[in-house]
Number of protein chains: 2
Amino acid sequence: MATPPSSREKILEVAEALFAQRGFAAVGMREVAGAAGLGKSSLFHHFRSKAQLYYEVLGRVLSRIQGRLDAPLRTAADPMERLQGWVDALIDALAEHPTSARLLLRGLFEDHDLAKAPPEAEQAERVLARILQQIHRLLREGVEAGTFRPVSVPDTVQTLIGATVYHFASGEIGEGLLGGTLFSADAVRRRKRELRVLLHDGLAAAVATPTRRNP
Amino acid sequence: MATPPSSREKILEVAEALFAQRGFAAVGMREVAGAAGLGKSSLFHHFRSKAQLYYEVLGRVLSRIQGRLDAPLRTAADPMERLQGWVDALIDALAEHPTSARLLLRGLFEDHDLAKAPPEAEQAERVLARILQQIHRLLREGVEAGTFRPVSVPDTVQTLIGATVYHFASGEIGEGLLGGTLFSADAVRRRKRELRVLLHDGLAAAVATPTRRNP
DNA sequence: GTCTATAGCTAGATAGAC
DNA sequence: GTCTATCTAGCTATAGAC
């Protein structure tokens, strides 16, 4: 933990911040190099192209997030509790590194010209697909078990993404609404609580869950 | 309506499509010109700079959306019904032009260097602020009237944005989840229905609304 | 592994003919 | 109002010395 980061790690670090804030096209390799304390050409020793650097950054972030989402899905709790745990874990993951949500949101809605995508793009794609597949399966289970209403599962996945990823990616607009940073312990706690209740009351089947508001 | 569009309108039209799909930085004036059937220099006769063109496109989209959102807020219905009407109208607006949501999402979370923003940026900003202020006020009213739970109003605004704008901006990912286009009449109807129930059950105060599911 | 130098290209923006 | 030509500056990427 005290070892200084290698050049490669340092580059990934600063590139993550820059790509998250301004996106792929608006960031130049020269700027990344400067922020990493290197000459521009040194970047091309560590990464074949700008696209490879980008997808390696994106893959790292996705893996970091994915690593947090396995545990809450593996519990034996009922679907509603597993969903709550999944959302909490996702929020924790997004809140831990303020760059994650922006990068992820870009990765989600930006369409990367698959024509000139480097092989690293596939790995990122796979991690993302796995995350989406897991939450999709959980929702389907919950509907089939009668824990959730008969919702449209894909629509609900979309709502979950919007409610988590967009929120923490919203930058100035979100902070203007909230009246402060999105990432303070208070703001994160409140976000979890708000979504917990909204999802509980909004997704629970009508008769099977007469109680309201989980603690 | 049969009059051919002026060059200016044609430019705004094609620029909207390009900016929506790939973002400000990734689109060149040369490309916009080509798509509009003009030489690059002709663009600079109609627009002082790329930034001005971008903000004029964004302002147009925001105004188009804002124009749909006034009516449902001015009815005398209770807050829950006005909210449902607002969400339906927003979804209709976003679904009508598939470029709107992507452009709006970019405008929401991309941070535009305010240093070099043209005066046109302020107008877009004002329209956006007005939209956010109106929905904020409606939610606050509903909470104070006891129609809604005592939710965090800013968090709920964020959730509403995520559930609408992100959904229709999600492109390939969203279509992969849905298994088809986001913009078919069926998909739009389903989106409205899903959000209607989620918001009704998820936001309604506990005792005041014993019934579930609006028709 | 880092550097200087540079290739080859495209960007946004301007000048001025028509 | 549209064009050709051009400016300056930036870009990704490579070559090759150290």
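B:Glu110 and A:Arg106 are both buried, where buried stands for under 20% relative accessible area, exposed for over 50% and partly exposed for the range in between (1.4 Å probe, protein chains only). This is a predicted model, in which local features need pLDDT of at least 70 and side-chain atom pairs count only at pLDDT 80 or more, while totals for chains, interfaces and linings use all residues, and side-chain values use heavy atoms, with hydrogens and water left out. Residues are numbered from 1 along each chain as its sequence is written, and chains are lettered from A and ligands numbered from 1 in the order in which they are written.

**Salt bridges**

- Over all chains, a search of the whole structure finds 30 salt bridges, each being a side-chain nitrogen of Lys or Arg within 4 Å of a carboxyl oxygen of Asp or Glu.
- B:Glu110 forms a salt bridge with A:Arg106, with the closest N and O atoms 2.7 Å apart; this pair crosses between chains, from the loop between helix H6 (98-109) and helix H7 (120-144) of chain B to helix H6 of chain A.
- A:Arg191 is paired in a salt bridge with B:Asp155, the closest N and O atoms being 2.8 Å apart, and because A:Arg191 lies in helix H10 of chain A and B:Asp155 in helix H8 of chain B, the pair joins two chains.
- A:Arg191 counts as buried at 0% relative accessibility, and B:Asp155 is buried with a relative accessible area of 1%.
- Within chain A, A:Arg82 forms a salt bridge with A:Glu141 at 3.2 Å between the closest N and O atoms, a pair that links distant parts of the chain, helix H5 and helix H7 (residues 120-144), 59 residues apart.
- A:Arg82 counts as buried at 12% relative accessibility, whereas A:Glu141, at 34%, counts as partly exposed.

**Helix H10 of chain A**

- Helix H10 (residues 185-203) of chain A has 19 residues and reaches 27 Å from its first C-alpha to its last, close to the 27 Å expected at 1.5 Å a residue.
- Among the buried residues of H10(A) are A:Ala187, A:Val188, A:Glu194 and A:Leu203.
- The buried residues of H10(A) pack against helices H5 (79-96) and H8 (153-169) of chain A, together with helices H8 (153-169) and H10 (185-203) of chain B.

**Relation of the two chains**

- The same surface serves both copies, as 100% of the contact residues of chain B recur in chain A, contact meaning heavy atoms within 4.5 Å.

Methods: Helix = DSSP H or I, 4+ residues; strand = E, 2+ residues; numbered from the N terminus. Expected span 1.5 Å × (residues − 1).
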